[in-house]
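User: I want to go through some labels on this model and see what each one rests on. Please set each value against its cut-off.

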Amino acid sequence: DEPQDVTDRKGADAVKLYIGQQMVLPALESAALGRTRDDAAATLTATVLTAPADTYFLKLSLAVGDPVRLLDDAGKEIFLGSIHQLDRTPDAVTLTAYDRGVYLTENQLCGIFTGTGREIAGKIAARLGIPLGTVEDDGLRRVLTAGAGQSAFAILKQAAGAGRYISIEDGALTVRKRDSIVYPLAAQDVLEVTSRASIVGTVNRAVVMGRKGNTLASAENSAESAAYGRFQRVLAKSGDPAAQARAALKGCTLSARVKLWGNLAYRCGGTVTISRPDWGLSGAYAVTAHEHRWEQGLFTTSLSLEAVT
């Protein structure tokens, strides 16, 4: 995929925040929009001033359940959700809103779910009355038993396999590996970096055994075995043995947290490239979490990154 140019910075005045039909940007003290791979829903928090000295503020009316929309300067919808919590003080109201992915965490299911990730996702979507969209699973068949207290999102995470991004997009249940677009991360836009490289938990050889103790399949990352020594896991057969062995491999992990000048183009599930070995970063990284924050006229974006393997 060709890298996309995202060098244009979007300031706090380049977005529009609506609650119901009210545009609240003039009364907005701060706002943050965030999402992680381990969350079904994006979360928007905002503090809206309600000081009685200004007649504009008195026209605002906020209630639990009100729709919340965030648009960029081109009118593209970045967030659509509803208010789930309001905290009021004499001078301001702080709201917490979630997008429709919240239905995956707030609905608990029970029963036995069998099949591939796509098949199980289809059964869950049918139970929740949600259309099924794109599902990029790991191809393994599973038998999952859901008991008391287990959410639809928790079941989907087990069914889809590691590293998937589960959400509701355009009203449909969606499971993706990551976005195909690659964004170059310009060093001059970066304000702060922390990073970690680790071989803790590495699995560079995996063996799948049959019931009689015979080897059904194996997979190995020979380059990492040569570099770090062998770290092997032996698994009982579950689905296709060859696919199961490949899925069990886990290489050296490279992760980082990057804070940069605000830009709405970066989002959870995307991929960025950067070449700064002095920061411990070189290559392609999946965005596993993002937070866009507007505060006191300053717009920043923070990204959690994980090396693409």
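User: Leaving aside neighbours within four places in sequence, which residues is Val68 in contact with?

Analyst: This is a predicted model, where local features need pLDDT of at least 70, side-chain atom pairs count only at pLDDT 80 or more, and totals for chains, interfaces and linings use all residues. Residues are numbered from 1 along each chain as its sequence is written, and side-chain values use heavy atoms, with hydrogens and water left out. Val68 is in contact (heavy atoms within 4.5 Å) with Leu17, Tyr18, Ile19, Leu44, Phe79, Leu80, Gly81, Ser82, Ile83 and Ala97, leaving aside neighbours within four places in sequence. Take Leu80: 12 residues from Val68 in sequence, its C-alpha is 5.8 Å from that of Val68.

User: Why is Val68 called buried?

Analyst: Buried means under 20% relative accessible area, exposed means over 50%, and partly exposed is in between, with a 1.4 Å probe and protein chains only. Val68 has 1% relative accessibility, so it counts as buried. Val68 sits in strand E5 (residues 67-71). Strands are DSSP runs of E with at least two residues, helices are runs of H or I with at least four, and both are numbered from the N terminus.

User: What makes Ala31 buried or exposed?

Analyst: Its relative accessibility is 7%, so Ala31 counts as buried. Ala31 belongs to strand E3 (residues 28-36). Beyond neighbours within four places in sequence, Ala31 is in contact with Thr45, Ala46, His292, Arg293 and Trp294.

User: Why are H3 and H4 called roughly antiparallel?

Analyst: Helix H3 (residues 117-128) and helix H4 (residues 152-160) pack at about 165°, with axes 8 Å apart. Axes are lines fitted to C-alpha atoms, for helices over the stretch in contact, and angles run from 0 to 180 degrees between N-to-C directions. Under 35 degrees counts as roughly parallel, over 145 as roughly antiparallel, 65 to 115 as roughly perpendicular, and the rest as oblique. H3 and H4 are therefore roughly antiparallel.

User: Which residues make that contact, and of what class?

Analyst: H3 supplies Gly117, Ile120, Ala121, Ile124 and Leu128, while H4 supplies Ala152, Ile155, Leu156, Ala159 and Ala160. By class, nine are nonpolar, one is polar and none is charged. Here Ala, Val, Leu, Ile, Met, Phe, Trp, Tyr, Cys and Pro count as nonpolar, Asp, Glu, Lys and Arg as charged, and the others, Gly among them, as polar.

User: Which residues of helix H6 are buried, and what do they pack against?

Analyst: In H6 (residues 241-248), the buried residues are Pro241, Ala243, Gln244 and Ala245. They pack against strands E15 (205-209), E16 (215-220) and E17 (232-236).

User: What makes Asp170 exposed?

Analyst: Its relative accessible area is 85%, so Asp170 is exposed. Asp170 lies in the loop between strand E11 (165-169) and strand E12 (172-176). Its phi is near 50°, a positive value in a residue other than glycine.

User: Where is Gln296, and is it buried or exposed?

Analyst: Gln296 is in the loop between strand E20 (281-295) and strand E21 (298-307). Its relative accessible area is 76%, so Gln296 is exposed. Gln296 has a positive phi of about 55°, although it is not a glycine.
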